[in-house]
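Biologist: I am new to this model. Please take me through it, with a close look at the aromatic rings.

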Amino acid sequence: MEETVEDPPTSAVLLDHCHFSQVIFNSVEKFYIPGGDITCYYTLTQHFIPRRKDWIGIFRVGWKTTREYYTFMWVTLPVDLNSESSKQQEVQFKAYYLPKDDEYYQFCYVDQDGVVRGASIPFQFRPENEEDILVVTTQGEVEEIEQHNKELCKENRELKDSCVSLQKQNSDMEATLQKKQEELETLKSINKKLEQTMKEQKDCWELELLQLKEQNQKMSSENEKMGVTVDQLQAQLSNQGKEMEKLVQGVQDKTEQLEHLKEENGQLFLSLTEQREHRKKLEQTVEEMKQKETTAARKQQELTDQNMDLSKRLSENKIICNVLQREKEKIEKENDFLKRENSSLLSYLNCDSLSHQMPTSSQGGTRQDPGLVFGNPYSGIQESSAPSLLSIKKCPVCKSDFIDDGFDHDLALEQHLQTLSLNCPICDKTFPAKEKQIFEDHVFCHTL
């Protein structure tokens, strides 16, 4: 084709048919004569804006994608889109590129994204003398055409469904493209900054080079004065050029090191994140250990309290035991005292029984041994001395009788009074002996 330089933009799938009404084709003939150029007339709707890469192609009826075009022509962009004349457009197809068969074809307007925006009615390429030929169609052919029409309708529905899915894919691709464009803008800004940095470095190097050139000129003048040859100056300049190359290489190495440091920074950031997570786990473990320690301390305190309580009870039991021991010792003393009294009483009773067994005279009331003429000379002494061994005394405090052995009256009275009182071993309080239960309750209260 004369006006085409590159292939038009196409799509692998057909989009939604709702876009077909944005461009309307006018004055489309039912057939065109082969061997001649044809002109395609079309109208742009109000809301459609043509673009530079839009094109019109001739497609064989039954096409499925915009890649199946037979031939195409680029559209001409109107000068003023708001005028009515600019809405009416046309494009001419050369006869050399037109189909040579008698199949049905149609015009399709395709935008630069490969989306069909309008389609014409079908037409044929056949000679003019066939216009007056009567075409007789049999019933079988009619049924075949209807069957073909049904198949075309089915394909149309399938194409519509495919268009819906492709439109969704197109939306996803547009979102992806938007993200890529944003990334591209970011990279452009970074590149711009790098270019600015390189420009500043270049200016700095140019300034250093200028300074070196000035130094070179001064050295040249000095060398001229001192007779230094130009070869030596050129050698120095060559060395400086090598140094400049080394500086440039150093800058590149620094850039590579910077990239390496960025990678290490990312790895360190990941390591720091892992350490933070490990630290959180350790803090949770410490918190759990603190809770366990608090629970153990509480249990230890409870055990300590129980131990103190048991120690207190043990001390109280020791006090009670001491009290009971004292009571036992006191009772043993009383028992010894009673044994002594019992022994005295037994001796007294033995003496009394002996006195009763002595014979007495009938005249004087004394019993004498019938074998003695003058009686027992010791009977009077025994009767007078027996009652003096043990005597019964009355206590001035409790008004009760107690036994006096006749040897130490004060000691017998003191022992009797001790049996009448009970002393508290804790507060030294005295209780009567007859209130022994009250005394025991009082000692028990000290243990509470």
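**The aromatic rings in context**

Modeller: Start with the surface. The protein chain has an accessible surface of about 33700 Å² (Shrake-Rupley method, 1.4 Å probe). Carbon and sulfur atoms account for 53% of that surface. This is a predicted model, in which local features need pLDDT of at least 70, side-chain atom pairs count only at pLDDT 80 or more, and totals for chains, interfaces and linings use all residues. Residues are numbered from 1 along each chain as its sequence is written, and side-chain values use heavy atoms, with hydrogens and water left out.

Now the chain as a whole. Take contacts (heavy atoms within 4.5 Å) between residues at least 6 apart in sequence: 58% join residues at least 24 apart.

Here are the rings. The structure has 19 aromatic pairs (Phe, Tyr or Trp ring centres within 6.5 Å; planes under 30 degrees apart are stacked, over 60 edge-to-face, the rest tilted). One of them joins Tyr-69 and Phe-72. Their centres lie 5.6 Å apart and their planes meet at 85°, so this pair is edge-to-face. Phe-72 is buried, because its relative accessible area is 2%. Tyr-69 is partly exposed, at 24%.

Ring pairs also build a cluster. Among its members are Phe-25, Tyr-32, Tyr-42, Phe-48, Tyr-70 and Phe-93.

Follow Tyr-42 to a neighbour. Tyr-42 is touched by Gln-89, which also touches Cys-40, Tyr-41, Leu-44, Thr-76 and Pro-78, leaving aside residues up to four places away in sequence. Gln-89 lies in strand S6, residues 88–93. With 13% relative accessibility, Gln-89 counts as buried.

One ring meets a charge. The charged end of Arg-126 sits over the ring of Phe-31, 4.1 Å from its centre (the cut-offs: NZ of Lys or CZ of Arg within 6 Å of the centre and within 35 degrees of the ring normal).

Last, confidence. The chain averages a pLDDT of 80 (the predictor's confidence in each residue, from 0 to 100), and 79% of the residues score at least 70. Over residues 360–373 pLDDT stays under 50, with 16 contacts beyond four places in sequence. Residues 378–389 are also below 50, with seven contacts beyond near neighbours in sequence. Where pLDDT is low, predicted coordinates should not be read in detail.

How values were computed
Helix = DSSP H or I, 4+ residues; strand = E, 2+ residues; numbered from the N terminus. Buried < 20%, exposed > 50% of the residue type's maximum accessible area, 1.4 Å probe, protein only. Phe/Tyr/Trp six-rings, centres within 6.5 Å; stacked < 30°, edge-to-face > 60°.
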